[in-house]
There are 2 protein chains.
Amino acid sequence: MTLASWVESANGDTDFPVQNLPYGVFDAGLGPRCGVAIGDQILDMTEVELGFEPELFSEPAWNRVMEAGPALWADLRAKLTEVLSDESYRERVAPCLVPQQGVKMHLPFRVAEYTDFYAGKHHATNVGTMFRGAENALPPNWLSIPIGYNGRASSVVVSGTPVHRPLGQLKGPDDDLPRFGPSQRFDIELEMGAVVGQPSSGLVSVAQAEEMIFGYVLLNDWSARDIQSWEYQPLGPFQAKATATTISPWIVTAAALEPFRAEAPPRERPVLPYLRQEGPGLYDIALEVAIASAGRDETVIARTNMRELYWSAAQQLAHHASSGCPMRVGDLLGSGTISGPTRDSRGSLLELSWGGKEPVEIGGGQSRSFIEDNDTLILRGQAQGDGYWVGFGPCTGTVLPAAPLPDWAKE
Amino acid sequence: MTLASWVESANGDTDFPVQNLPYGVFDAGLGPRCGVAIGDQILDMTEVELGFEPELFSEPAWNRVMEAGPALWADLRAKLTEVLSDESYRERVAPCLVPQQGVKMHLPFRVAEYTDFYAGKHHATNVGTMFRGAENALPPNWLSIPIGYNGRASSVVVSGTPVHRPLGQLKGPDDDLPRFGPSQRFDIELEMGAVVGQPSSGLVSVAQAEEMIFGYVLLNDWSARDIQSWEYQPLGPFQAKATATTISPWIVTAAALEPFRAEAPPRERPVLPYLRQEGPGLYDIALEVAIASAGRDETVIARTNMRELYWSAAQQLAHHASSGCPMRVGDLLGSGTISGPTRDSRGSLLELSWGGKEPVEIGGGQSRSFIEDNDTLILRGQAQGDGYWVGFGPCTGTVLPAAPLPDWAKE
């Protein structure tokens, strides 16, 4: 029988059944606090007494819990499961519930550093074809290395934060010189973000890396394709990816996702021992991208699954540490864009519209090659269980017009 | 007449005359504390009373002073100059001096995020020639964009910290598959690091960026060339640059360097307005690289000058913020390797030995293509004034053998 909660909204149509129990930071008018989503409610961790050190929840971020380590993570999850499923706790715990409706969500953790990987083979092949031609689509190292680059932690924002269209250097193939102006090819990237919950120094095995991962969020790595194509050689994407990276507000723990483990696709080239993974390294998480232009209903433009990734977060983390790079509590690892093999399973507009050549229908007679001002983009993710699903809550952002150019930036 | 100090060692042969007054964090046995270098002494900022809020110096990092802003920076420097030059303060201030000899230095500030630029034209041309051939040496965007990529803040260490030779994926041009082992082409990069002392959100002009820069350090961006050449396409350097980045222990303030302002080389292509700089954006700082193999005296292998850079730190910072990327107090911006036009002015072994083809003599009948185990690398920088110089103190690191491969990482 499926475990149920005495919080009735947790037993029906919800991303947050008692099997999930994700961690976020909410503000219901008393300042930001740590909370746990259950149905349409939030358990206020600064109010409920469960026998844990209050200091764990004394700052509005889950970093202290992460620092406390995997044994504490397991104890906390077990206790939360107990008090939210066992009716006898209702009287004591119900007063610590806050309705989700109307609260303001904050980043669930202090992002130490942000790294973005490139682990979707369909995505890498599609983008490579458009940027470098079909014969050079997949880079020679791609099947050997979980390719990644360092991003900018200061630009990570929580779902719901508006994003201004970026300004940047743009240069068409026939232009002599670049100009400075609003990106005309502003895009999303549908990704999963892994949250590193334990530090390391020195080499880390894939098995150790698994133990270091606290949980996952949905992640939209906003990307200015025109800035990117001019700037990215030879040192990689920089300002094209620095405007914002939006994450969903709840950290879904690795423990909650454990029932949904899934095998990565078969290796197409032998993998070095330090990257070999025993057992299934991915999760079966159905993902979708929706878009809503100003004042209109949303349209789903892509459906895919986390299983389309070639490299797992644990493999990425093991590689990240391989040169001796110290990893920190609060590091965020973007998976790379998750595209499937079909057109309607592509995780970016660049791929969906094939570089703007095949605009995507978004309903109401409208179509999109790239994002237009006042469009809202929504990512969703759900792992389907038996009689419930584990969801992430939406990861949304509305694109506002670019800031006006100050005089000193005008020609 | 040149201003002198009542600290006699500050008036002779020293990097730290009263004209300098750089900021560091030292431990003389009582834990790490904020201090100011003067001659061969350190003024303990937690002991001396100068009329500033003690909270500014209550943690062992200069971030709080940076956060306090440029007016405080100017007041603090004026007061320090007064009390260390005016004999009448000797009795009050001398008891707060600690000899530099024997103290352990720590990072002078909490590094928020680390970005590495590529602003040396001779370096970019040399490396481009070796990696991509002479016809593709300087990337097409290089004269328009201060090219940079995000590095890893967790790997920034203070001068004197030993560095283990990194492990990583290595693949020769004729190998079918990569192997995992110690880098055979481990290298230095001679750079200046700019320390961002004020935050921003949204666009920043070059003039505003100037005001945000608190000071400078010497910076050695250790680089594994063999890891880099296999991994860096298409998303840039990652593990090749993640082992360590060493900075000198004292932040030399922008104010102390002001008398040494120097023009950047003439523009070879028109620059977009948002990157235009009024007045000289660089500093005349003589730089050198020395190497000492185990138990031997050091040999200087390169001499160059910060004036060889094409882009200033203020231009880099303005570009960094151009897409809306929020900048933070404690951001560290590496200049890129500073090479001059001649062979003996190149800031990396890759260039000095031309990819290993022309090993460099280091004295005692030895030569180097790349770093060998137990070599110590030393960077130095000095701006020559009238009767004094402003120096950075050495930026050193000894390379230790790679960590042994654990069984799980062996073939």
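**Notebook: sheet, domains and chain contact**

I began with a pair of strands in chain A: strand 1 (residues 23-27) and strand 2 (residues 32-38) run antiparallel and are joined by five bridges. I record at the outset that the model is a predicted one. Within this pair, I find A:Phe26 opposite A:Arg33 of strand 2 of chain A.

In chain A, five strands make up an open sheet with antiparallel pairing, and I read their order as 4-3-2-1-5. Strand 4 (97-99) and strand 5 (104-106) of chain A are at the edges; each has a single partner strand, so one side of each lacks a neighbour in the sheet. I note an average twist of 50° from one strand to the next. Helix 2 (residues 70-85) of chain A packs on this sheet, where I see it touch strand 1, strand 2 and strand 3 (41-44) of chain A. The direction of helix 2 makes about 65° with that of strand 1 of chain A.

**Two domains of chain A**

I next turned to the division of chain A, which has domain 1 (8-106) and domain 2 (114-409). I find 25 residues from domain 1 of chain A and 25 residues from domain 2 of chain A in the contact. The centres of the two domains of chain A, taken over C-alpha atoms, are 28 Å apart.

On the side of domain 1 of chain A that touches domain 2 of chain A, at least two residues each come from strand 1, strand 2, helix 1 (63-68), helix 2 and strand 5 of chain A. Helix 1 of chain A supplies the largest share of that side, four residues.

**Chain A against chain B**

I moved on to the two chains and find 65 residues of chain A in contact with 65 residues of chain B. Together the chains bury about 5900 Å², with 61% of it on carbon and sulfur atoms. A:Arg152, A:Leu235 and A:Phe238 supply 14% of the area that chain A buries against chain B, more than any other three residues.

I count four salt bridges between chain A and chain B. A:Arg152 also forms a salt bridge with B:Asp331, through their side chains, at 2.4 Å from N to O. Across the interface of chain A and chain B I find 26 residue pairs in polar contact. Among the elements of chain A that give two or more residues to the side touching chain B are strand 6 (114-117), strand 7 (148-150) and helix 8 (313-320). Strand 7 of chain A gives the most to that side, with three residues.

**Salt bridges in the whole structure**

I examined A:Glu113 and A:Arg328, which form a salt bridge with their closest N and O atoms 3.2 Å apart. A:Glu113 lies in the loop between strand 5 and strand 6 of chain A, and A:Arg328 in the loop between helix 8 and strand 22 (332-334) of chain A, so I read the pair as tying together parts 215 residues apart in sequence.

Key: Residues numbered from 1 in each chain as written. Chains lettered and ligands numbered in written order. Predicted model: local features only at pLDDT ≥ 70, side-chain atom pairs only at ≥ 80, totals over all residues. Heavy atoms only, no water. Pairing = 2+ DSSP bridges. Axes fitted to C-alpha atoms, helices over the stretch in contact; angles between N-to-C directions. Contact = heavy atoms within 4.5 Å. Domains from an automatic or database assignment. Buried area = accessible area lost by both parts, 1.4 Å probe. Polar contact = N/O pair within 3.5 Å; in protein donor to acceptor, adjacent residues only side chain to side chain.
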